Amino acid sequence: MTSLPALPTTLPATLPATLPSPVRFCADALARDGALVEVANAADGEEEALAILPSALATRLALQEEVQVASAARTGAVACGLGTGLLDRLVDERSSLRGYVVADAELAAPRASQAEALAARFALRNAVVDVGAVRARNEAYAFVGTRLVVEADDRDEAFEVLALCASDGAAPDSALVAALALDTTSALRGAHRALPAVRAEVLPPRLRARLAALAGAHQDNVARRHRRDHERVDAYFHELIYETRTGRKQRDPAAVKARVEHLENERAAKLAELRARYTLRARATIVFAAVVEVPTIVVDVRVRRRKEERVLSLHLPSAARTLDVPACDGCLLPAARPAVCDDKIHLLCERCAPSAQGRLACPVCGR
Amino acid sequence: MEIADVTTGDVTALLRAPMTLVDLSLAVRAHTLASAATFTDLLSPQSLAGVDAHTYQHDTVRRVLRVLRGRALLADEVGLGKTVEAILVLREYQLRGMARRTLVIAPPALVPQWRGELLAKAGVQAATLDDHAFEQDPAAFLARDGVVLASLAKARGAKVAPLLQSASWDLVVVDEAHHIKKQSTLGYKLVDGLKSRFLLLLTATPIETSLEELYALVTLLRPGQLTTASAFKAQFVDKSDPTSPKNRERLRQLLGDVMVRNTRAACGLKLPPRFVTTAVVEPLAAERALYDRVVDLVRADAQAARRTLLGTTLLLEAGSSPDAVRATLDRATALDGPAFAAAREAARAATQTKKLEQLVALVRAHGGHALVFTRFRATLAAIERAFNDAGVRHVVVSGAQSADEKALAVERFREERCALVSTDVGAEGTNLQHCNVVVSFDVPWNPMLLEQRIGRVHRMGQTRDVHVYNLAMKGSAEEKLLDVLDRRLHLFELVVGEMDMVLGNLADDRDLEERVLALYAASKDEAEIDRGFDALAAEIGAARGTYENSKKLDDAVFGEDFAA
């Protein structure tokens with residue numbers, strides 16, 4: 001295992017566990033490409049969609065121009081459940097698009113008193129915090145869609161949305177992502193303005209940490225299977241070599257030597273093949289970003305440590321039940337129980353500053 | 001563990017292309033759907049067209065994916081659909097992004113069948129080593145994603161094997177894996193040297209003559225699973241009977257880690273019996289004369305070493321109907337010579353066939369509800385005319401029709417319980433179990449085609465006895481072939497798939513069509529042709545014996561212990 005940590009539990013892993021309706025997805029995807037679509041409930045309660053396709057689209061998808069789409073195969077309807085050709089094709093097409101959206105959240109503003117109360121409970125492990133000014137404003141948050149894949153002789157794939165405050169990289173409560181309903185965009189309104197600056201440098205370490213967590217869940221099992229196969233193959237070739245050397249047939253020593261050499265090479269090749277098969281490979285692909293302005297209460301807090309002090313802005317966005325978790329200045333991961341360094345009051349997570357006693361070694365200051 | 005690096009560049013690149021909220025909503029749902037399922041819910045069954053996989057096949061696929069982790073010996077009894085299971089596994093890995101590069105190795109005769117099944121059932125366009133692109137640039141060809149089909153004969157060759165072995169595969173499927181059961185063979189060495197995460201070996205007969213064949217196959221999948229060959233022999237092979245294992249319980253445990261074998265009995269798959277009747281029809285004089293002229297033409301062409309394809313077609317057509325021969329000769333206007341002139345003359349003279357009368361009588365005897373096959377469209381038209389004249393209600397399905405037209409005809413066939421006249425291509429992929437009578441108006445020389453025709457009604461879901469009639473003109477190649485296959489060897493009594501196994505055991509790997517034509521082309525007279533069919537009967541009889549012995553052996557060793 002690498003030294004990368006699993007993410008703190010406060011980091012939102014954000015999408016709903018329920019699967020989107022394949023029929024509704026296909027209907028919307030066809031409509032996006034110019035089809036006239038009507039979704040209705042069939043007699044058995046399952047959703048169905050009737051679509052009139054432009055001829056170019058019908059040709060591209062090898063469908064009739066008038067097509068009934070249903071979740072399961074039946075006469076007169078094209079199936080679009082998991083694993084079907086139509087869903088597979090549309091999923092491929094829609095998931096290959098890359099881009100960003102700028103939007104406004106249509107959510108009620110949070111209460112200032114709630115934000116102030118939460119800020120009053122905001123604690124640092126080695127510093128004093130005084131609550132200062134409280135104000136309401138729209139704050140930009142970035143929601144970054146990411147495909148995570150971990151692969152060896154097995155494969156695990158996940159789709160996650162990492163959320164962060166665009167200005168400082170703080171991680172918002174998962175309730176915000178749920179409230180924004182990115183899968184329906186029902187709480188979003190498109191906005192025509194320039195893309196705000198996003199603190200993108202916090203993403204790579206956070207994605208690496210997610211990958212390590214995902215891979216970690218498989219590592220023991222993969223290692224066990226690798227060990228088992230390695231031992232079996234190794235023992236097999238040992239036995240073959242032993243039989244070659246001690247076999248009843250009296251052979252020419254040169255022939256025995258050549259045979260042993262051949263077996264040793266074959267063993268090395270088979271073991272190398274096992275290594276390749278059981279190497280866990282993890283990768284993340286960023287697939288979209290939505291930068292959304294969210295009504296937010298900002299609370300300034302004054303952080304004092306010995307002779308130094310610093311003002312931090314804490315955020316409570318709409319729908320959130322907790323303040324955003326600020327980014328560690330050292331590793332850029334969310335710092336759930338932060339401490340600060342003595343000289344510059346850098347905010348440090350428990351991994352960067354495991355002990356808050358005495359003078360901290362600050363990875364940012366380098367001392 | 002290797003964790004690919006993620007950079008801020010990935011984000012900044014993304015922030016150059018604006019998208020709409022609708023696109024965002026679709027993207028979120030598309031990615032959620034794409035990374036949704038586990039192997040508990042198979043995706044592949046829905047991705048296959050025209051395949052209604054059985055529960056045991058689903059269980060097999062789950063076992064291969066979840067327990068055997070993609071390295072398995074699929075040893076179902078014949079006719080239980082190993083190919084479908086392999087395609088399900090292939091598609092499951094494809095849909096989950098785990099098999100971008102797949103190699104399928106099969107005996108040469110099965111390569112076109114695999115290509116067709118992958119396309120028709122899974123929509124997968126497979127490349128083959130016979131493609132021009134492979135000849136041009138083998139390395140580039142083998143570096144592409146997708147499915148590559150290779151005949152074992154070509155793949156094990158000195159030029160091709162190193163290319164296949166230097167490529168990196170996600171999944172390798174070896175069909176009829178008993179062909180690589182000996183460790184000293186090139187085929188075994190080829191597969192042993194392939195680099196692949198997943199490996200499926202398909203065979204109904206993992207043991208044909210000795211337990212060591214099983215050892216070889218298992219060692220390909222998991223080296224060391226059965227220890228070394230000598231230790232395996234000492235532990236499991238009874239010297240007095242090399243086909244009967246010692247320490248059965250231990251062997252059963254070890255095989256359970258690599259093998260699935262579903263049996264007909266365990267799957268509860270029992271089909272009603274079928275009764276096959278050869279109806280030999282005495283030809284009219286003009287019909288007989290036409291047949292003789294076509295045989296003369298085949299011999300003349302053979303002497304001149306030309307046009308074997310045309311010869312085969314004409315001889316098959318002569319066994320079907322004069323209309324079929326006439327249609328071909330009318331199209332071949334550029335061909336001349338005395339043999340052609342005589343054949344054309346005879347075709348003009350032969351305007352009727354007695355087989356039509358026999359057909360009408362047969363269909364009427366079964367209440368008018370029968371499935372009639374012919375290979376030729378001209379014959380199909382003649383049958384239609386005869387049915388119209390006799391007042392037999394019928395519908396027609398042929399390759400010339402659209403999918404909707406075919407579906408409509410099949411629907412009428414079911415609802416009106418009339419006759420359905422179809423070409424082989426026309427009825428492909430349709431299940432017609434509501435009917436229990438199959439008439440082959442003409443008999444293909446490849447018995448597997450006959451099996452496919454019968455299989456349209458003699459399949460799961462059939463509840464009644466099935467009656468099969470093969471019409472053949474007396475003295476024709478079809479009559480002689482049916483005499484061998486049916487009367488002498490009773491091959492049509494075999495269960496679905498077994499005939500394939502028997503014919504796969506023939507020493508001569510030319511297909512039967514080629515061999516029948518060669519008999520006619522090389523013979524001087526009828527007696528010589530008959531001797532040729534006798535030799536063929538002896539060869540097929542021996543192949544059947546070999547198959548039945550190995551089946552007995554496999555049943556004895558494996559029983560029902562390895563069902564999914």
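1. A residue is buried here if 20 or more other C-beta atoms lie within 10 Å of its own. B:Val28 has 27 other C-beta atoms within 10 Å and is therefore buried. This applies to a predicted model, as does everything that follows.

2. B:Val28 belongs to helix α2 of chain B, and, leaving aside residues up to four places away in sequence, B:Val28 touches A:Gly145, A:Leu182 and A:Asp183. The surroundings of this side of the contact are taken up in the next point.

3. Between the two chains, the contact draws 72 residues from chain A and 54 residues from chain B. On the side of chain B that touches chain A, at least two residues come from each of β1 (2-3), α1 (8-14), α2 (21-34), α3 (44-47), β7 (195-202) and α13 (229-236) of chain B. The element that gives the most to that side is α2(B), with 14 residues. By residue class, the side of chain B that touches chain A consists of 27 nonpolar, 18 polar and 9 charged residues.

4. In chain A, 4 strands make up an open sheet with mixed pairing, in the order β1-β2-β3-β4. The edge strands of chain A are β1 (36-41) and β4 (78-79), each of which pairs on one side only. The partner of β1(A) is strand β2 of chain A (residues 47-52), and the two run antiparallel, joined by 6 bridges; A:Asn41 stands opposite A:Glu47 in β2(A).

5. Which strands of chain A does helix α1 of that chain lie across? Helix α1 (residues 22-32) of chain A lies across β1, β2 and β3 (66-70) of chain A, and the helix runs at about 15° to β2(A).

6. Helix α16 of chain B, spanning residues 285-303, has 19 residues and reaches 27 Å from its first C-alpha to its last, which is close to the 27 Å expected at 1.5 Å a residue. The buried residues in α16(B) are B:Glu287, B:Leu290, B:Tyr291, B:Arg293, B:Val294, B:Val295, B:Leu297, B:Val298 and B:Asp301. A reader checking this helix may wish to note that B:Glu287, B:Arg293 and B:Asp301 are included among the buried residues.

Notes
Residues numbered from 1 in each chain as written. Chains lettered and ligands numbered in written order. Predicted model: local features only at pLDDT ≥ 70, side-chain atom pairs only at ≥ 80, totals over all residues. Pairing = 2+ DSSP bridges. Contact = placed C-beta atoms within 7 Å. Axes fitted to C-alpha atoms, helices over the stretch in contact; angles between N-to-C directions. Nonpolar A, V, L, I, M, F, W, Y, C, P; charged D, E, K, R; others polar. Buried ≥ 20, exposed ≤ 12 C-beta atoms within 10 Å, placed from the backbone. Expected span 1.5 Å × (residues − 1).
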